Amino acid sequence: MLAVVGTLAVFGGIVAVTQISSAQDQRRTTRVASASCVASSPGATAPGGQGSTTRTWQNGRWVRNHWGDGQMSAAECQQTKAGGAGAGAPTVACPDVKSKLPQVPARARAEVDRNLALLDAQIAEANRRLTAEGRNGGDFINNAILRPLADKRTATLNRIATAIGRGGQRPQDLDKLAPCALADNAQNGGQNGGGNNGGNNGGGNNNGGNNGGQNGGNNGLDVLAKDCANSKLQGHDGFQNGNRCVSTAFGEVGAAASNPSLLITQFPNRVRRNQPFTLRVTTKNLVRDRFLAAGQGGYYVESSLLNDQGLVRGHFHTACRMLGSTRQPPNPQDVPAFFVATEDGKGSNQPDDVLIQIPGLPDSGLAQCSVWAGDGSHRIPMMERANQTPAIDVVRIQVN
């Protein structure tokens, strides 16, 4: 059943965000050549029947909406299978530019951001051509896709260097970041976390009991397990499947005062069916710059990371579901009426507002809308102490 999603409104002064919609359990990835091209899960398709990834220009930057965490629509799946790319269609893997830049002068920031967004657009276009024409062979890919992409990136990188040079020292050798190669999605390498899936994540040796060794055994506690070495379950592979054992190390934990916090600071008490509405979410201590698409194998594969200020790198989720009862908990497996993950490169140790546009809820009743923080691989960020409240907030909205 295809979800019907209204057009997202653009409001002046809104922090531009990347919203990534989540699918339930059907992952139309290129890993499985024999997968049937069935309808996407509710909430997994973009407005107007567009592709799994859409881009809009908002408030001076490109916003990318990844619907279904990278899950293909039925039409995209059919096109991929018809092109013979179903057994591991390649995608473009390019060197990261943003992390290689020096301090960008304030006067050059807008132009640099615009060209960084253009680099993303160039990669997206190359990936679209690979999906449609990659079956034409390696020579075609090199001559018609990779080399033109490198030429475009060279010109864009030169514009970035020139913009920075107007207000500071011009960065050298940026053009060395222009060439790109192919990354095989079937192996989850390249841009999707360095190929850790199916390796460290299923082997049970990622944590290795270091906590017990450094703390003198198990702190005198009866600890049943620290990794997946003795688990009878299959190792987790980065996709959204249950009955698995995850061995990815928890990662970095910040100080209590630097742990993420958030609040829904504006919401309607009542809306009509299919009426668009807005939630204002205010975050603190959450740097929204890290998201590994779960639909592409980025679920629970990356350890939690802190930035140089000790703040969690990640994103936050927003979901609305209808409550059938206020006395019985809802079924946990049910798909929500709305779900996005938000990543925009912003966030600091100061309160920071983001507006989430919800295109409307189709059913009458009581809606539960929740917002919660996630690290780069979709886990609720860890906290220094057990008696801290996690970064989560919930409101109820009457729909009639």
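Predicted model: local features only at pLDDT ≥ 70, side-chain atom pairs only at ≥ 80, totals over all residues.
**View B. Parallel pairing of β11 with β12.** Strand β11, made up of residues 286-287, runs in the parallel sense alongside β12, and the two are joined over two bridges. Within this pairing, Val287 is placed opposite Arg313 of β12.

**View C. Antiparallel partners of β12.** Strand β15 (residues 365-375) pairs with β12 in the antiparallel sense over ten bridges. In this pairing His317 faces Trp372 of β15, the two residues standing opposite each other. Strand β13 (residues 338-343) also pairs with β12 in the antiparallel sense, here over five bridges. Ala319 stands opposite Phe339, a residue of β13.

**View D. The disulfide between Cys320 and Cys369.** A search of the whole structure finds three disulfides, one of which is formed by Cys320 and Cys369, with their sulfur atoms 2.1 Å apart. The pair links distant parts of the chain, since Cys320 belongs to strand β12 and Cys369 to strand β15, 49 residues apart. The torsion about the S-S bond is 110°, and the link is right-handed. Both Cys320 and Cys369 are buried.

**View E. The disulfide between Cys94 and Cys180.** The sulfur atoms of Cys94 and Cys180 are joined at an S to S distance of 2.0 Å. Cys94 lies in the loop between β4 (90-93) and α2 (109-133), whereas Cys180 lies in the loop between α3 (138-167) and β5 (181-184); the pair therefore ties together parts that are 86 residues apart in sequence. Because the torsion about the S-S bond of Cys94 and Cys180 is about 110°, this disulfide is right-handed. Cys94 and Cys180 are both buried.

**View F. The disulfide between Cys228 and Cys245.** Cys228 is joined to Cys245 with an S to S distance of 2.0 Å. Cys228 is located in the loop between α5 (210-214) and β6 (234-235), and Cys245 in strand β7 (residues 244-245), so the pair ties together parts that are 17 residues apart in sequence. The link of Cys228 and Cys245 is left-handed, with -90° about the S-S bond. Each of the two residues, Cys228 and Cys245, is buried.

Terms used
Residues numbered from 1 in each chain as written. Heavy atoms only, no water. Pairing = 2+ DSSP bridges. Helix = DSSP H or I, 4+ residues; strand = E, 2+ residues; numbered from the N terminus. Disulfide = S-S within 2.5 Å. Buried < 20%, exposed > 50% of the residue type's maximum accessible area, 1.4 Å probe, protein only.
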